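We will go from one stop to the next together.

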Amino acid sequence: MSPTSRTKPDPDHAPPADTRSFAEQWSGISKYLADVFAKPDPQLATLMSRAIAEGIPDIAVSPETGRFLSLLARMAGGLGGGGGARMIVEVGTLAGYSTIWLSRGLAPGGRIVTLELNPKHADFAQREFARAGIAARVQIRRGPALESLTTMARTMPPASVDMVFLDCVKTEYPEYFRIVRPMIRAGGLLVADNILSSGTWRIDDGPGTSPDRDAVDEFNHLVAADPAFESIGVPIGNGILVARRLGA
Ligand SMILES: C[S@@+](CC[C@H](N)C(=O)[O-])C[C@H]1O[C@@H](n2cnc3c(N)ncnc32)[C@H](O)[C@@H]1O
């Protein structure tokens, strides 16, 4: 049905306003996606509950988002080299949950550099990488992400990264984008979590309601307007941005 052929809503019989949060509205859909597409292995199934028991916050991506990340990593490598990403940069490690999903999309010999400020999180993640058998393929760079990224942008060859995954300080998203932009090769992917919501804000709360929301909104507009990328926001989990660098 085209929008113009819809009958006008009758204000006297309007449905009651849906007061559920974004997460509540989507929890059934989220569970369905996870059940059908994202069955975690025994390690991933218990990783976050073990992390939470050690005092690490419950802020990892959802299982279906993790599955989406592994698929994107697989596609980010392009058709050459047996498929899979050869180099992934992740900003925000936490307990290593998303890193392990990302590792499932690595090419043979592919590597991940993941950035984390909190030593407790980095130590926990390091143990999980050993347990997952990926410790030799994952390097945790400890310290503030902006500093690590600035050093990496200076020392790594330009356009040498297949995929960047941003999931760190939301007010720093625009700055992360400016730094990682030249690092992503043609055909590579920029992916970011929380581009539509977090536990405390939603993008449609509107400007001025939260510094995190406003910074993410600025980031979304920066990427969407960048002629070097084709991009879309996907309403899975808290919203994932997927942007492909043009030229390949
Ligand atoms: C949302 S969590 C990452 C979740 C992870 N990607 C996952 O889904 O499993 C964000 C992480 O960034 C870390 N962090 C916070 N500020 C940081 C900074 N300035 N530099 C680097 N890491 C930081 C936090 O300690 C936390 O572990």
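Which residue in E4 does Val 91 stand opposite? Select both: Val 91 stands opposite Leu 166 in E4. Strands here are DSSP runs (E, at least two residues) and helices are DSSP runs too (H or I, at least four residues), numbered from the N terminus.

A word on the ground rules before moving on. This is a predicted model, in which local features need pLDDT of at least 70 and side-chain atom pairs count only at pLDDT 80 or more, while totals for chains, interfaces and linings use all residues. Residues are numbered from 1 along each chain as its sequence is written, and side-chain values use heavy atoms, with hydrogens and water left out.

**The sheet**

Now select strands E1 (residues 85-91) and E4 (residues 161-166): they run parallel and are joined by four bridges. Along this pair, Ile 88 has Met 163 in E4 as its bridge partner. On to E5, which runs parallel to E4 and is joined to it by five bridges; there, Val 161 has Ile 184 as its bridge partner.

Is E4 buried or exposed? Six of its six residues are buried, so E4 is largely enclosed by the rest of the structure. Buried here means under 20% relative accessible area, exposed means over 50%, and partly exposed lies in between (1.4 Å probe, protein chains only).

The seven form an open sheet with mixed pairing, in the order E3-E2-E1-E4-E5-E7-E6. Its edge strands are E3 (138-142) and E6 (229-234), each pairing on one side only; two strands pair if DSSP finds at least two bridges between them. On average, neighbouring strands are turned by 15° against each other, direction ignored.

Contact means heavy atoms within 4.5 Å. The axes are lines fitted to C-alpha atoms, for helices over the stretch in contact, and angles run from 0 to 180 degrees between N-to-C directions.

**Helix H1**

Go to Leu 33 in helix H1. Leu 33 is partly exposed, at 26% relative accessibility. Not counting residues up to four places away in sequence, Leu 33 touches Ala 38 and Glu 64. Draw a C-alpha to C-alpha distance from Leu 33 to Glu 64: they are 6.1 Å apart in space and 31 residues apart in sequence. Val 36 is also found in H1 (residues 22-37), and is partly exposed with a relative accessible area of 46%.

**Two loops**

Most residues other than glycine have a negative phi. Select Leu 94, in the loop between E1 and helix H4 (97-103): its phi is positive, about 50°, and the residue is buried, at 10% relative accessible area. Then try Asn 194, in the loop between E5 and H8. Its phi is positive as well, near 65°, and Asn 194 counts as buried at 8%.

**Zooming out**

Finally, show the whole chain, with its eight helices and seven strands. Of its 248 residues, 46% count as buried. Among contacts with a separation of 6 or more, 69% come from residues 24 or more positions apart.
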